[in-house]
Amino acid sequence: MMTVVRLGYVAMSVHVPHCSPSQTMTVAQFRVLRDREAAIRKLERIARSNINNCLRLLKHNKAHEIRFFRLSSRLIPLANHPELENWDYLAPIREALQTIALFLQEYPMRLDFHPEHFVVLNSPDPDVFRASLNTLKLHAELLSGMGIDLEHRCVLHIGGGYGDKEKALEQLIHNWAYVPVWGQRMIMFENDDTVFTLRDALYACEKLGVPLVFDLHHHLANHDEEDWRPDWERIVATWHHSPLPMKMHISSPKSDRQFRAHHDFVDAEMFIRFLREVKGTVKQLDCMIEAKQKDEALFQLVRDLKHYNDLEWIDGASFFIK
């Protein structure tokens with residue numbers, strides 16, 4: 001069996017000018033504006049601009065035959081802030097979200113989110129857990145507004161270790177019962193680079209029936225066992241019940257001294273060695289590039305991979321590995 005590999009990138013473009021989907025307004029800036037209604041209108045203008053820029057990025061992806069993209073989690077500034085709890089943040093952007101939904105009908109693309117580090121589902125603090133669910137609800141509303149099925153569209157880290165990793169894993173299992181069903185459907189977990197290893201993440205994913213997004217760079221930075229190969233079949237098995245192809249993260253260390261930090265680009269040789277190990281084990285592998293140079297890192301990786309003879313290109317950002 002040949003494996004299809006599809007490349008994607010994260011949230012921003014270094015090629016499309018003035019197109020940030022993450023423009024923001026701080027609480028301090030909001031408070032400075034004496035007219036609360038005017039301040040809210042400004043927030044709404046920023047949110048609309050972010051969604052419109054998101055559509056521009058999707059059109060950029062179409063032009064380059066990219067069908068895998070991570071949406072920014074900062075599309076609506078201050079969406080869940082206590083000072084704005086009565087603000088209907090969806091009303092001013094519904095039309096813009098619908099425009100994206102129509103675009104995706106014409107050009108299907110795998111879109112997902114990676115909510116920020118403060119979304120912690122294993123927190124023993126009820127307030128942190130509640131705030132995390134609110135943030136997930138925002139992501140669910142955005143996905144629904146774009147006509148995207150919620151299933152397996154948000155990748156999360158398992159959370160904090162809180163001084164006792166085993167207890168922290170059990171806290172996740174306990175808290176999971178309080179995550180609404182729509183939230184449970186949305187979530188994938190990844191192994192992280194400091195606390196929860198691949199084996200830890202596998203334990204949680206197998207226990208909860210959640211797909212594992214394997215991050216090779218994180219594994220190299222944080223592992224009990226040097227080798228990921230003995231666990232590959234278990235990783236693949238977590239995806240058996242998902243309607244989506246298996247997904248992983250790829251990145252390269254910035255340097256030996258700053259090993260955990262992401263490089264501007266992806267080391268093609270290291271990536272191809274990995275792909276040769278796993279080819280034929282899955283029909284399709286969607287690889288999200290986490291690199292400082294965003295879409296340029298994808299373009300550079302494509303240029304580098306064109307030198308390898310065992311790849312057969314399908315379009316601008318996907319290929320068979322033979």
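Contact, as the word is used here, means heavy atoms within 4.5 Å, and helices are DSSP runs (H or I, at least four residues) numbered from the N terminus. The model is a predicted one, in which local features need pLDDT of at least 70, side-chain atom pairs count only at pLDDT 80 or more, and totals for chains, interfaces and linings use all residues. Residues are numbered from 1 along each chain as its sequence is written, and side-chain values use heavy atoms, with hydrogens and water left out.

In the pairing of α2 with α3, Ile51, Asn52, Cys54, Leu55, Leu58, Lys59 and Lys62 of α2 meet Ala96, Leu97, Thr99, Ile100, Phe103, Leu104 and Glu106 of α3. These residues divide into nine nonpolar, two polar and three charged. Helix α3 covers residues 94-106, and its axis lies 9 Å from that of α2 at an angle of about 10°, which makes α2 roughly parallel to α3 (an angle under 35 degrees).

Not counting residues up to four places away in sequence, Phe271 touches Val5, Leu7, Ile250, Val266, Cys287, Leu301, Leu305 and Phe319. Helix α10 (residues 268-278) packs against helix α11 (residues 294-305) at an angle of about 70°, with the axes 10 Å apart, and α10 is therefore roughly perpendicular to α11 (65 to 115 degrees). Ala268, Phe271 and Ile272 of α10 make this contact with Leu301, Asp304 and Leu305 of α11.

How values were computed: Axes are lines fitted to C-alpha atoms, for helices over the stretch in contact, and angles run from 0 to 180 degrees between N-to-C directions. Helices (H or I, at least four residues) and strands (E, at least two) are DSSP runs, numbered from the N terminus. Angles under 35 degrees count as roughly parallel, over 145 as roughly antiparallel, 65 to 115 as roughly perpendicular and the rest as oblique. Ala, Val, Leu, Ile, Met, Phe, Trp, Tyr, Cys and Pro count as nonpolar, Asp, Glu, Lys and Arg as charged, and the others, Gly among them, as polar.
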